[in-house]
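Colleague: I would like to learn how to read a structure of this kind feature by feature, beginning with the surroundings of a single residue. Could we look at the structure together and take the features in turn?

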Amino acid sequence: MPQRFVYKPSLHLYVVITTVLCLTLGTTTQVLAQNYLREADSLYLLEDYTKASAVREKYLQTLTPKSLAFRQQQAKQWVTQFYLSAQEAKDTLLLTRAIALLEPITSEYAAEVYVDATIALANYYRGSVGEEKCLEMLKVLEAKPTVKRFLNANSKVSIYYTYASIYDNKEATYLLAIDYYKKAIQLAEQPSYANKNALALLYNDMAIIYDYIGQKDKTIAYFTKAHEIWWRYYKYWYINNNITALGNVIANHSDYGTHQKATRYLDSLLVYFEDIKKVTTNKTLNFRTEEQNQASEIFILLTAIRCYSAASKEKWMLANMQKLQQKVLQLPTAKREQYLDHLIEGYTSVALYYRELNNFSNAEKYFNLGGNYTYNAFYAMKADANLGVLYNMWQKPAAALPRIDAALTYFSGSNKTRTSYFGLQATKADILHKLHQYPAAVQALDTLYKYNVKNTITGTPLSAFSVSSFAEQVNNTQIGVLTKTGHVYTGLYEQTKQKQHLQTAHHFYLLAAQLFKTYYTREFYTNYLFSLNQEITKGLLKTGLLLGKTADAPTLLNITENNTSQQVWKKFIGKYRENIDVPDSTLSKRNSLVHQIAMLEIAGNDTKKLGVLKAELAAVDAMIERTTKTHYTFANNNFDVASLQTKLNKEQLMVRYITTDSTVFAFAITKQAIQLFRLATTTEVRQALVKLQPTISTQNQAYVPAASSLYRLLLQPLVTTYQANELVIIPDGEILTLPFEMLYNASTKKYLVQEKIVSYSYALPLYFLQQYSTTAPTTATVTFAPSYPGLPAPPVMATRANMYNLANAATEAEAISKLYKGAFFGTSTATVNNFIQSLGKYNIYHLAMHARVDSTAPENSSLMFYNNTPLYFKQLYQLNFPAGMVVLSACNTGMGATELGEGVQSLSRALTYSGVQSAVYSLWEVPDKETSEIMIQFYENLAKGQSKSLALANAKRTFLLNNPLKQHPFYWAGFVLNGNTEAIGKNYTVWYITIGATLAILLMIWGWRRWKRN
């Protein structure tokens, strides 16, 4: 393994210039000799052995024969020539001569060459004799006293790398390989270790190991590190390494579901390859033949297919599949066979794309196309396995079983430890479970776990397995295996009603959930992660309830919460830290840069200025990171509900809903207890919502039965059990945009808002942090109410979604501004720029304006400022907005596209991303006049010192009392509160007047009594 110097592109020029100067100035040959040595070692490191040998020969000519330096360099020359030779048995003589010539070892350099020669020889014997001979030679090498004395980091890395490369050939020794890679990487990451190529190889090979065992987060991390090193130091030298590394990064991001990153890397790869094709004849580069370029192009086409299929870009996927097919099939027969695996993998990626869409017939077509080119037993196994899994998903278990059995025949002996075997065996158990062949299903699982679990003794009860039993096997296949095991034992319980089967099922769902927590990288919550976690959660909660595990409810809730998407939570954490520690001037500068960049990107006419602004933004973000990294953080994957309970008061009931494909569950959380409820089927809730939704916009009285049904399904068991006055709702799935205040209690003939105070949050840990104020509890208020020149006057029933000038919005904003003596930006002053400049200066923001919601591309949703100027969702969530409360007095600001696992991508959600602690927003097209009435009452209630949640509830109650002809929820239920519920601070002007008046009255009474006594 090359060890010592980092190659620099300017090295050859440096040597030439130095040589000329030496000869011109008559400098000693010693300096010139050192330049030869430097270049020879650098070329050796770059594996350019032909040039390295030629330069080292020149250096040898400057040395005294038989001197120590000569012997060391001659030995290294023989090692170099060994790599240049055919590496046949006769060539090993070069290595044995080199090893003998270095005795006795008296320096670090000699020890490095000695280690290099010995490892080269050991690797030769590894191929010709076997791995045991190689291991034996390594152990002798490590034990040699003179080697131990002079062994430096370079040599240790080489030895550890060789051990790792031996152990990474068999899955049974993967953990040993990982240990040695870790040792080597720890040394190679030190600043003094100069061989960046060796470090990149270590990262790359470590990633391959983690890929084998399916640990995707670590696979991505190590492949990315390898790519970054080759890209930075050897972009035009190790061209194949760069192409392959980028391909690996793209493929793994695609598999994991982080499609934006995959596509971005693919764009870089395509540009890089076009660049390479233009300069391959450049003599400063490694020369590439047309055949090498052809091989790279085929690899890149396959990479593009994988990327586009994972990102659901069907048109581009099929276009690249057609190109790949043409490229491979037009090759001569002898060469075509080298690329059949690429063709098969391409067809497989397309088939998997259609399988994910449940387009099973198209998936079958492409799996069969790939099966036409199977050329060995491995690909025959994959063809059967793919069709078996497909038929199982297609609910054709009878057709699936023979395919899976055929695939399993490929595995025997130690092959049974392969990850593929585990997945197939678990799929067989699942198929047998669907065929109601439960004893056979259990036998399939027993066979699986006999080979699957580290250090498992035959006969070990399944209940004895723990997370540690699976060691480094934290991967999607393993999690799927555990989940399927839970399914089988749940089915067995349903058939036999034996509690032990239910306990086993629950235990395996619990193991699956614990492994999922490790597997989820806290990156984007992909569709695959969402589906996998839903399966686990459904099984875990179902079996927990059947077992009556009331005491385990906190544990189940913690597991469930930590395995959900962390995106909103992570964004809020980042902004929370910044708002604590970063000066207002810095945040203002950052917000201004974000806005300028967004405007230039939309205009697309000044790329130079755009680059300058982006560089400035990067510098500001780097400063913020340096400032905040040592301060408050909250481990986003270690949330504990016990910490949240301390923040609740005795009157609060927090309800965390969990919606699976079949069932709606809820955790009821109070200060003293946590309880799990199974509420209803998802179908029942969905049907009630479908009946309710059209009654809102039409103000149809048919909403009452649906609102009553939803109250019964979602709330009645909870409010019957707990007599809490205040509800905090964390919705999920079907009910993400349901305003609970409008649910109707048929027994009392009242809306929920008339009986309870209601607020919302996006997640439990987010709610926990939002209760810690990062802003002063003041009433510093600013209101915005833009005018819209050119728009018509509103009709009698105008909403804030229709493009009219909003007559009542300005009245509303002015009234609120006067009440709090705040700043007011109305008509032409309510601009985006004034809004951006105001950030950080006020605690309360009231935005009475139009909003546009794009349900297909949520990043294009916007708030509309003066003259219809938009402030987009994508700008909002990048801002730093350290406000205590923002009221979006506009239409649909809580609506948007729903992403699986992430929730509704709404304008209000963007505010939470940006650091706002509480938001009031709308869930439909709210009426202009009635909204104004409710908002003014809301602020008057806040001024009295009421909490935000109570103030909003009372505003709605007052509206219902004052408007007997407008009882329909359309008029009053559209606005909800999300986040911090505390009072915002009293309006001290009002209080000063009140206190002054009270004192005056007391003085008058005191004076009157004194006068009367006298």
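Colleague: Which residues does A512 touch, not counting residues up to four places away in sequence?

Modeller: Leaving out those sequence neighbours, A512 touches I479, L482, T483 and I536. This is a predicted model, and within it A512 sits in helix α25, which covers residues 499-519. The C-alpha atoms of A512 and L540 are separated by 9.3 Å, although the two residues are 28 places apart along the chain.

Colleague: Is A512 buried or exposed, and why?

Modeller: A512 counts as buried because its relative accessibility is 0%, the limit for that class being under 20%.

Colleague: How should I read a nonpolar core, and which residues have the most contacts inside the largest one?

Modeller: The general idea is that, in soluble globular proteins, nonpolar side chains tend to be buried together. Here the largest nonpolar core has 187 residues, and M654 and F667 are those with the most contacts inside it. Helix α6, residues 108-128, gives the most to this core, contributing 12 residues. Apart from it lies another core, of 95 residues, which includes A688, L876, A955 and Y971.

Colleague: With which residues is F667 in contact, leaving aside its neighbours within four places in sequence?

Modeller: Among the contacts of F667 are L541, A553, L556, L557 and T560, together with M654, V655, R656 and I658, and also I674, Q675 and L676. Several of these names return when one reads helix α27, residues 553-562, which is mostly covered, with 8 of its 10 residues buried. The buried residues of α27 include A553, L556, L557 and T560, and N558, I559, E561 and N562 are buried in this helix as well.

Colleague: How many salt bridges does a search of the whole structure find, and how should I read one of them?

Modeller: A search of the whole structure finds 18 salt bridges. One of the pairs is E291 with K335, whose closest N and O atoms are 3.9 Å apart, just inside the 4 Å cut-off. This pair links distant parts of the chain, since E291 belongs to helix α15 (residues 290-310) and K335 to helix α17 (residues 333-336), 44 residues apart. E291 counts as partly exposed because its relative accessibility is 40%, and K335 is placed in that class because its value is 33%.

Colleague: Where in the chain are D661 and K538, and is each of them buried or partly exposed?

Modeller: D661 lies in the loop between β1 (652-659) and β2 (663-669), whereas K538 is in helix α26 (residues 527-546), 123 residues apart. Their side chains meet in a salt bridge with an N to O distance of 2.8 Å. D661 is partly exposed, with a relative accessible area of 47%, while K538, at 18% relative accessibility, counts as buried.

Colleague: Are K956 and E741 buried or exposed?

Modeller: Both K956 and E741 are buried, and their side chains form a salt bridge at 3.4 Å, N to O. Beyond such pairs, salt bridges can be read as a network, as with D41, R56 and K76, which are linked in one.

Definitions and conventions. Residues numbered from 1 in each chain as written. Predicted model: local features only at pLDDT ≥ 70, side-chain atom pairs only at ≥ 80, totals over all residues. Heavy atoms only, no water. Core = buried A, V, L, I, M, F, W, Y, C linked by side-chain atoms within 4.5 Å. Buried < 20%, exposed > 50% of the residue type's maximum accessible area, 1.4 Å probe, protein only. Helix = DSSP H or I, 4+ residues; strand = E, 2+ residues; numbered from the N terminus. Contact = heavy atoms within 4.5 Å.
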